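Trainee: I am new to this structure, and I would like to learn how its features are read. Could we take them one at a time?

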Amino acid sequence: MFTLRSFRDLDWTLLILTLIICAVGVLQIYSATQASEQSNHWWKQVLYIGAGLVVFYLISQIDYHTLVGQSPVMYIIFTVILFGLLILSRVVLGAKRWVSLGAGFKLQPSEFMKLVLILFVARYISELKSDSLSLRELLKLCLLVLFPFGLVCLQPDLGTSLCYLPILAVGILLAGLSRQQALAIVMILALVVPIGWFALKDYQKARLTSFMDPALDPQGSGYQVMQSKIAVGSGGMWGLGVTRGMQIQLRFLPFAHTDFIFAAFAEEHGFVGVVTVLGLYFLLLMQILQNAQTASDRAGTAICMGVGALLLFHVLENAGMVAGLMPVAGIPLPLMSYGGSSILSFFLMLGLVNNVRLRRFLQ
């Protein structure tokens with residue numbers, strides 16, 4: 001229920017930073033989609049942000065201990081949904097990722113699985129009785145996260161599935177890891193990563209090889225990265241101005257309002273704009289970490305750290321991707337890229353951080 005106290009105690013710094021980044025995203029979506037068949041996407045994004053504000057407030061009002069307690073139920077429900085998508089949904093753009101809501105709106109359940117895993121891992125490590133993980137507890141935690149990871153990989157959506165790994169990594173670090181266990185994980189990764197290469201689809205392998213040298217296939221798998229780097233370089237110090245980016249307006253840059261929105265922004269707002277936006281993300285991350293430090297218990301700290309790790313991973317991968325420093329993985333830029341599922345899931349996660357802040361003095 002809305003109360004004056006709950007309104008007053010909101011993390012206004014967190015919320016204002018979030019809305020500023022969202023506003024920058026809406027402006028860029030408008031610029032990237034004007035005079036195209038997606039020209040109405042900017043106001044759809046505004047609707048998603050409005051819905052995000054509602055869920056931000058609502059999830060802040062439910063004690064996060066209740067949400068953490070119900071996380072196993074949510075984990076089962078979303079795992080079943082992800083499994084059902086593989087069997088029942090139809091293929092759209094080569095993947096089985098979305099649930100249609102009608103009127104052109106659709107949701108991607110794998111995005112909301114991020115939130116569920118943050119709560120689930122927070123519950124898992126808050127119930128541990130020792131300061132470090134036993135081998136059995138470590139394996140159990142890894143399997144519980146890697147199972148939905150595998151389901152999302154099969155959709156196929158490698159980018160979203162990779163986002164589950166920072167949540168797992170933060171959970172393991174917070175739970176405590178011995179030197180022997182850390183060494184064992186490194187050795188397992190050294191064995192699994194080369195084997196994983198053979199499990200990738202051809203287009204996913206092409207993305208990785210194009211990351212090393214985009215010129216190998218300039219009209220195919222290397223096209224996005226090459227056009228993105230041209231857009232970033234064209235921006236110069238101050239950018240070309242809103243609706244004046246040549247790579248965007250002439251449609252050379254693909255996905256300029258979704259995954260490659262940061263390249264579009266760099267072309268129109270230049271180095272100064274890029275530094276400003278990255279500065280906003282840095283301040284948002286610092287605010288999340290401050291809430292982690294002041295949390296009243298281990299579960300609250302785990303929630304904030306999980307959200308912070310996921311936000312950092314998204315920004316680093318997306319910004320690195322458009323600059324040709326990271327492989328193309330189809331990961332949206334948080335709060336800026338067009339998409340209802342991504343917007344709502346990040347508002348839900350930031351609402352959880354606000355939830356922890358509201359209850360920081362409770363024991």
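Mentor: Let us begin with one side chain: that of S341 reaches the backbone nitrogen of Q108 at 2.6 Å, where a polar contact is a pair of N or O atoms within 3.5 Å, one able to donate a hydrogen and the other to accept it, and residues adjacent in sequence count only if both atoms are side-chain atoms. This is a predicted model, in which local features need pLDDT of at least 70 and side-chain atom pairs count only at pLDDT 80 or more, while totals for chains, interfaces and linings use all residues. Residues are numbered from 1 along each chain as its sequence is written, and side-chain values use heavy atoms, with hydrogens and water left out.

Trainee: Is S341 buried or exposed, and which residues does S341 touch?

Mentor: S341 is buried, with a relative accessible area of 6%; buried means under 20%, exposed over 50%, and partly exposed in between, with a 1.4 Å probe and protein chains only. Leaving aside residues up to four places away in sequence, S341 touches K106, L107, Q108, E111 and F112, contact meaning heavy atoms within 4.5 Å.

Trainee: How do I read the sides of a helix?

Mentor: An α-helix has 3.6 residues a turn, so residues three or four places apart point the same way. In α12, the buried residues are Q224, V225, Q227, S228 and A231. They cover an arc of only 165° around the axis, which puts them on the same side of α12; the arc is that of the directions from the helix axis to the C-beta atoms. Among the elements that cover these buried residues are α13, α14 and α15.

Trainee: And how is a pair of aromatic rings described?

Mentor: A pair of aromatic rings is described by the distance of the centres and the angle of the planes. Rings of Phe, Tyr and Trp (its six-membered ring) pair if their centres lie within 6.5 Å, and planes under 30 degrees apart count as stacked, over 60 as edge-to-face and the rest as tilted. The structure holds three aromatic pairs. One of them, Y30 with W42, is edge-to-face, at 6.3 Å centre to centre and 90° between the planes.

How values were computed:
Helix = DSSP H or I, 4+ residues; strand = E, 2+ residues; numbered from the N terminus.
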